[in-house]
Each structure stands twice: as structure tokens, then as C-alpha cells.
Amino acid sequence: MTTRTPVTDPAAADRSAVPHYPFTAIVGMDDLRLGLLLNAVSPAVGGVLVRGEKGTAKSTAVRALAALMPPVGVVAGCRFSCDPAAPDAACPDGPHENGPGAQRAARMVELPVGASEDRLVGALDIERALSEGKKAFEPGLLADAHRGVLYVDEVNLLHDHLVDLLLDAAAMGASYVEREGVSVRHASRFLLVGTMNPEEGELRPQLLDRFGLTVEVAASREPDQRVEVVRRRLAYDEDPAAFAARWAQEERELRERIAAARALLPAVRLGDGALRQIAAVCAAFEVDGMRADIVTARTATALAAWAGRTDVLKEDVRQAALLALPHRRRRNPFDAPGLDEDQLDEVLEQFGDDPGPEPEPDPDPDPDPGPGGGDAPDTSPDGAPPAGEGQASEPPVPEPRTEDGSGRGEAEAGEQPHASDAPDASGDGGAPGPVGEGHEQAAVGAAEPFRTRTLSVPGLGDGAAGRRSRARTEHGRTTGARRPRGALTKLHLAATVRAAAPHQHARGRSGPGLLVRRDDLRQAVREGREGNLVLFVVDASGSMAARQRMSAVKGAVLSLLLDAYQRRDKVGLVTFRGTGAEVALPPTSSVEAGAARLEKLPTGGRTPLAAGLLKAREVLRIERMRDAARRPLLVVVTDGRATGGADPVAQASRTARLLAAEGTASVVVDCETGPVRLGLAGALARDLGGAAVTLDELRADSVAALVRTVRDVGGRDAGGRDAGGRDARRAPGARDARDVRGARDVPGAGTPRPRRAA
């Protein structure tokens with residue numbers, strides 16, 4: 001295994017090659033710049049999460065921050081960046097001798113979304129550990145980021161197992177690597193900065209809480225500001241070095257101000273009045289735990305130091321709460337982070353007896369004349385940093401947060417309702433629909449969501465790690481061993497010993513150690529859970545609007561969306577009504593987007609069931625080309641009626657059989673209500689080769705609550721009997737206890753396929 005050659009100053013070397021876009025040249029983005037600078041002043045704040053739409057300079061600002069961080073002292077030659085004044089006693093490169101050490105620039109280490117576990121935490125050479133008893137350790141990104149910045153772009157797309165490792169390191173300030181009894185530990189304290197687009201899905205609450213601050217960003221809608229953004233960006237792209245030189249003076253002044261605020265920070269006094277305000281605000285907004293209080297206190301202290309004051313004022317507490325609390329108030333995945341600023345002001349007024357002095361004028365108003373000496377101010381009244389890329393630089397620069405919250409991002413704004421097809425006035429060739437089928441009705445609200453029973457895809461998959469269906473994964477229970485394909489990641493110790501044991505005499509073994517060659521190593525095969533693509537096909541026709549049925553249907557789909565969020569699935573939404581079907585939501589990791597589209601879904605018109613199934617088939621075909629490993633689960637929410645066109649019931653049946661022949665795992669949520677039921681949804685389930693479940697049976701707390709697994713369409717003979725010889729043919733809509741126990745007893749349809757060997 002090769003060892004990396006230590007670099008004296010990799011960050012400086014990288015900057016000298018292609019200078020980063022200067023932090024002070026970023027236009028607008030007051031909240032973003034302020035949040036990053038507060039972490040530079042006080043790393044104890046705990047990092048920042050940047051949420052916003054595409055193309056808003058999130059990554060540009062974070063990368064520019066590294067150039068402003070003060071240099072750090074390190075032990076010369078230490079791969080783990082130990083502090084010469086207090087070296088880590090457990091450092092794998094230790095023990096270190098006392099010495100002056102060396103200075104290097106603070107590092108900003110980027111964690112790719114698709115990184116492996118070994119790349120993050122480091123890798124142990126298992127072969128040397130077994131044969132020589134040596135801990136040959138190659139440091140990972142957590143070691144590189146120690147005493148620097150760890151940056152995760154698109155942090156909401158990070159795999160669960162990497163999220164768990166990040167949480168452990170952030171909580172303990174150290175990274176542990178363990179492989180078959182061989183362990184290595186090293187210090188890992190870093191400033192965690194993440195960026196994300198909320199449209200692509202939200203973060204797990206555990207990781208969300210680890211970010212000290214959160215800021216929302218959105219591109220400016222002011223033409224003058226957008227012009228300035230484009231002008232500066234084009235100038236940078238034309239000659240990065242010359243552009244950086246134009247802003248060198250502003251960068252130097254900002255760096256000096258950060259150093260001055262750091263020096264002042266220990267002298268800042270957080271009085272009892274300010275502490276009572278912080279505690280009252282956190283209690284009023286019902287945030288979980290005490291981390292919110294601590295982070296808000298640290299942020300308010302950093303704000304005072306940044307403004308050059310030694311006392312924390314009410315304005316500092318207010319600004320700190322706006323940065324530290326919004327992401328800690330979410331109660332379910334469909335809640336958008338946010339804070340009611342009117343309520344915040346009321347609480348601060350109620351507990352406003354702050355014994356601190358009156359605010360002093362900012363000692364450094366820091367006007368931004370620009371590199372050529374213009375007169376546009378570059379700081380906000382509270383001492384926010386110079387303007388930046390992605391938003392406008394128009395005097396005066398707005399406050400980091402306005403009273404009405406206008407500085408917040410727009411990515412979570414409600415989606416516009418989709419246009420629906422006009423009602424089909426022609427005669428239908430199928431069963432007559434209920435009253436109201438020919439008229440569009442306004443969208444109705446969803447019923448209260450509930451905990452659903454588990455739906456999973458049959459067989460063993462190889463998709464991305466999740467919590468739904470069985471799959472071969474890097475984590476889980478060990479089920480076997482195989483020769484490694486590429487780098488060894490999970491050693492199967494017993495299999496390795498068995499492979500090496502017969503060759504010990506031939507290899508000349510004379511001592512107690514086991515002679516292991518690379519050919520002896522065996523990779524552990526593990527079985528865990530994967531995330532799936534859950535594609536909802538929702539009937540929005542007039543028949544669903546009857547008897548206020550759509551409210552219950554939306555509540556059921558909302559519940560399934562919540563279940564998909566918890567199980568790390570991708571979701572998509574196809575609706576059909578009127579004369580056709582449409583993709584209301586292409587497959588995405590954002591269940592919030594699915595909930596927003598569902599809420600605004602209107603009803604009315606005829607029931608083109610076949611069109612909905614064909615549209616779903618097309619969506620699945622495209623997704624299969626994009627990600628063949630992610631297996632789909634088709635959830636059809638309908639009462640089974642089909643109207644419009646010639647013989648609509650037969651068309652829907654043929655389309656369902658086509659999906660079944662392609663092996664698509666399906667479940668039909670039967671929305672039919674009333675004392676008399678036609679059982680059409682049950683017939684559709686048989687054509688799909690899947691399960692039929694009523695809205696009541698979908699509940700995990702229903703009387704018949706058992707875990708339902710969507711079984712393969714195969715396993716039945718030509719006579720319609722299953723593997724146990726039971727008659728699988730029943731009248732449409734008929735249900736018995738077997739339907740509740742699991743989908744294996746729901747009859748299949750289409751061309752019978754032989755049962756695959758286990």
C-alpha cells in the first residue's frame with residue numbers, strides 16, 4: 001500500500017494554481033456571508049448549513065471561506081495535523097517530541113457524495129495486520145479536515161452510512177476505524193459546512209441538528225444586482241489571477257477583522273439578561289434538547305465580537321435565533337424550516353430587561369468602494385461582510401434578515417398547480433361513472449397521515465442503502481464470503497483463515513504467526529436493506545371525488561410519502577384524470593415536493609386508468625436506464641374504475657399485464673367505499689400480479705396489521721394454483737384472511753412464469 005507524501009501547505013498550493021473567487025467579491029448573500037464569518041470567528045458555533053436553489057453561489061462562498069481562515073500550527077510530518085502546543089497523545093503518528101512545529105493554511109476538505117467509507121475514515125491494510133501484526137493505516141478525509149473545514153456539497157444526498165460516520169466524528173471529536181479487531185483512533189475536530197437544494201430532499205434530523213446555523217439563499221430578482229453578478233463572474237473567468245488581485249486589499253482587511261474578532265471573543269460578556277432571552281426564545285419555539293440554547297448563546301457572543309463589542313445585546317440574540325433555530329423546529333419531513341419573527345420579537349420584548357449597555361456604533365463600517373474606488377457600501381448595518389456572488393450589490397445592502405423574512409430563500413415556495421385535462425363530454429365505452437365525473441372540482445385537503453404497514457419489493461437487490469427491501473449491501477448481517485473484486489472493504493476473517501490454513505507448510509511457516517497472502521483474503525457478503533423507487537399512480541378522476549373520498553386518499557398517499565422518507569426512497573407521482581395522464585412529480589428524493597404536488601391535486605373528469613398505467617411504465621423505463629440497480633415499487637391508488645374510450649376496462653387490464661410481465665412489483669390501494677363494492681381494484685391487482693389492500697388495511701395499527709411483502713408474480717402453475725397447491729383464482733374483489741397475511745396469496749395474472757430457484 002502506498003503512502004501519501006506529506007504536503008507542507010496543500011491549500012496554499014491549490015490557491016496559487018487557480019485562485020478561488022474572492023469572498024469579498026460575492027454580491028449580496030448577507031445571511032450566507034454572515035453565517036460563514038461567524039463560524040470563522042468562533043468555530044464552536046458548529047458549522048453552517050446552506051439551503052437554496054441552484055446557481056446561488058453556495059459552493060463559491062464556502063470555498064472562498066478557506067482563504068480567510070487563520071493559519072494553524074501543526075507538528076511537522078504529522079499526517080493528522082496535531083497541535084504542537086497540545087499534541088494528541090493517541091495520534092497514530094505519535095508520540096510527538098516537543099518542538100516549535102510548522103505553520104500552514106487552514107484546509108478545506110471536500111467530501112464527495114459518492115465517497116466510500118474507507119475514503120472518509122481511512123483504510124487499514126488488513127493483509128499486513130494479519131501477517132505482520134502492524135497497523136498500517138492510510139488516513140481519510142476526516143484526518144485531513146482536522147482543525148479545518150469539512151465541506152459537503154449536496155449533503156442531503158449523502159449515503160446513510162457516511163452520515164452515521166460524520167455524526168460520530170462530530171459528536172466525539174475523534175474518528176475510530178475498526179476492522180476485525182484491529183482499531184485506530186485519531187482526533188477529528190472540524191468546521192462542518194454543507195450545502196443542499198431542498199428540492200432534492202431533506203436531511204435526517206440527527207445530521208440537521210449537528211449544523212450550528214442554517215441560512216436560506218435565493219437569487220436576487222433585482223436586475224441591477226443580477227447584472228453586477230454576471231459582470232464580476234465574467235471578469236473572474238477571463239483572468240482569475242487578475243480578478244483576485246483587484247480584491248486582494250478587501251480580502252486582507254476582512255482577514256484582519258476576523259483575527260481581531262477572534263482575539264476579542266474571550267472578553268465578550270454574555271449577561272444573565274441575554275441568557276434569559278435565549279432560554280425564553282428556545283422554550284417558546286419548542287425546540288428539542290439543549291443544543292439550540294448553547295448554539296444560540298455562542299452565536300450571539302460571536303456576533304458581539306464581530307461588531308467589536310464586549311457585551312451581548314438583544315439585537316445579537318435576535319439575529320442568533322434567526323440563524324440557529326429555524327432548522328431545529330421541524331416536526332415532520334413536510335415542515336419547511338422557518339421562524340415566526342413576530343413571535344420572536346414578542347418573546348424578546350417580554351424578556352427584554354437586558355442589563356447590558358446601549359449599542360455602540362460599529363467601529364468599522366467597512367464601506368465597499370470596490371477595487372477601483374466606487375462608493376457602493378459593502379456591509380450591512382450590523383457589520384455583515386462584503387457583498388458576494390450570486391446576488392446583487394446595490395446600495396444599500398439589505399439586512400441579513402428583514403422583519404418580514406424577505407431575506408429567506410424561495411426554494412420552498414409552493415408549487416403552482418398543474419393544468420388538468422378538460423372533462424371528456426363524449427360517451428364512454430365502459431362502466432358509467434358516479435355523479436360529478438364530468439366536472440373538475442377544487443383540490444381538497446389531505447386527511448391526517450398515519451403510520452403505514454411495510455411494503456417491500458421481492459427478492460434480493462443491489463440498490464443504494466436504505467430501509468425498505470432486502471439487498472446485498474456494505475452493511476448488515478454477514479451471509480457469506482467471496483473473493484474481493486477490487487479493494488477489500490469488509491474482511492471475512494473466518495473464511496480468510498480457512499483459505500490460508502492449507503498452505504502454511506508450503507509457505508514455510510515456522511512461528512506462531514499466520515502466513516497470509518493476498519489471494520487468501522475473502523470479502524464478507526452482507527445483507528441489509530435498500531431504498532427503492534416508489535412510484536405513485538393516483539386516480540384523480542370524478543369517481544374519486546364522490547363522497548369526499550379524495551381527502552382520505554390524499555391522507556393515505558401522504559402517509560406513504562412519509563414512510564418513503566423514513567426508508568430513504570425516491571418517489572414519483574403520476575396522476576390520471578379527464579382524457580389522459582401526466583407526471584405530476586418526476587422521480588426525486590424530495591418527498592416534500594411530492595406532498596406539495598399532492599396537496600394541490602384537483603379532481604374531476606373521466607377515469608383513463610390505462611393511460612395512467614402506461615405513463616407509469618414509461619417513467620419506470622426511463623428511470624431503469626438512469627439507475628438500473630434501484631428497484632421500483634408501483635403503488636396504484638384507485639377504486640379500479642376505468643372510463644373513456646373503447647373498452648377501457650380491457651385496455652387497463654392489458655396494460656397491467658404488460659407491467660406484470662416486466663417484473664414490476666406492484667400494490668393496489670383500493671379506495672372503493674360503501675356497502676356495495678364492485679371489486680375492480682382487486683381485479684387490477686391480479687392483472688398486475690401484486691397485492692390489493694384497502695385504505696383501512698394500509699394502516700399499521702389496523703386490526704389486521706401485519707407486514708405485507710409484495711411477492712413475485714411467479715410461483716403459480718397454469719391452473720392458477722400457487723406453490724402450495726391452493727386455488728389462486730377468486731372472484732373480483734373477494735378478500736379473505738390470506739390477503740391480509742401477505743401478497744403471496746394474492747393471485748397473479750398474465751403469462752405464468754416458473755418459480756426461480758432459491
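**Figure 1. Helix α18 (residues 549-566) and helix α19 (residues 591-599) come within 10 Å of each other, axis to axis, and cross at roughly 175°.** The axes are lines fitted to C-alpha atoms, for helices over the stretch in contact, with angles running from 0 to 180 degrees between N-to-C directions. Helices (H or I, at least four residues) and strands (E, at least two) are DSSP runs numbered from the N terminus. α18 and α19 are therefore roughly antiparallel (angles under 35 degrees count as roughly parallel, over 145 as roughly antiparallel, 65 to 115 as roughly perpendicular and the rest as oblique). On the α18 side the contact (heavy atoms within 4.5 Å) is made by Lys554, Val557, Leu558, Leu561 and Tyr565. On the α19 side it is made by Val591, Gly594, Ala595, Leu598 and Glu599. The model is predicted, so local features need pLDDT of at least 70 and side-chain atom pairs count only at pLDDT 80 or more, while totals for chains, interfaces and linings use all residues. Residues are numbered from 1 along each chain as its sequence is written, and side-chain values use heavy atoms, with hydrogens and water left out.

**Figure 2. Tyr21 and Phe243 form one of the 5 aromatic pairs in the structure.** Rings of Phe, Tyr and Trp (its six-membered ring) pair if their centres lie within 6.5 Å; planes under 30 degrees apart count as stacked, over 60 as edge-to-face and the rest as tilted. The pair of Tyr21 and Phe243 is tilted, at 5.3 Å centre to centre and 40° between the planes. Tyr21 lies in the loop between α1 (10-17) and α2 (30-41) and Phe243 in helix α10 (residues 240-246), so the pair ties together parts 222 residues apart in sequence. Tyr21 and Phe243 are both buried (under 20% relative accessible area; exposed is over 50% and partly exposed in between, with a 1.4 Å probe and protein chains only). Ring pairs also join Tyr21 and Phe243 with Tyr236 and Trp247 in a cluster.

**Figure 3. The rings of Phe80 and Phe137 are stacked.** Their centres are 6.2 Å apart and their planes are at 10°. Phe80 belongs to the loop between β2 (72-74) and β3 (102-104), and Phe137 to strand β6 (residues 137-139), 57 residues apart. Both Phe80 and Phe137 are buried.

**Figure 4. The charged end of Arg257 sits over the ring of Trp306.** The distance to the ring centre is 3.9 Å. Such a placement requires NZ of Lys or CZ of Arg within 6 Å of the ring centre and within 35 degrees of the ring normal. Arg699 lies over the face of Phe450, 4.1 Å from the ring centre.

**Figure 5. Arg291 and Asp209 form a salt bridge.** A salt bridge is a side-chain nitrogen of Lys or Arg within 4 Å of a carboxyl oxygen of Asp or Glu; the whole structure holds 32 of them. The closest N and O atoms of Arg291 and Asp209 are 2.3 Å apart. Arg291 is in helix α13 (residues 291-306) and Asp209 in helix α8 (residues 205-210), 82 residues apart. With a relative accessible area of 32%, Arg291 is partly exposed.

**Figure 6. A salt bridge joins the side chains of Glu349 and Lys314 (3.1 Å, N to O).** Glu349 lies in helix α15 (residues 341-350) and Lys314 in helix α14 (residues 314-324), so the pair ties together parts 35 residues apart in sequence. Glu349 is exposed at 56% relative accessible area, whereas Lys314 is partly exposed at 26%.
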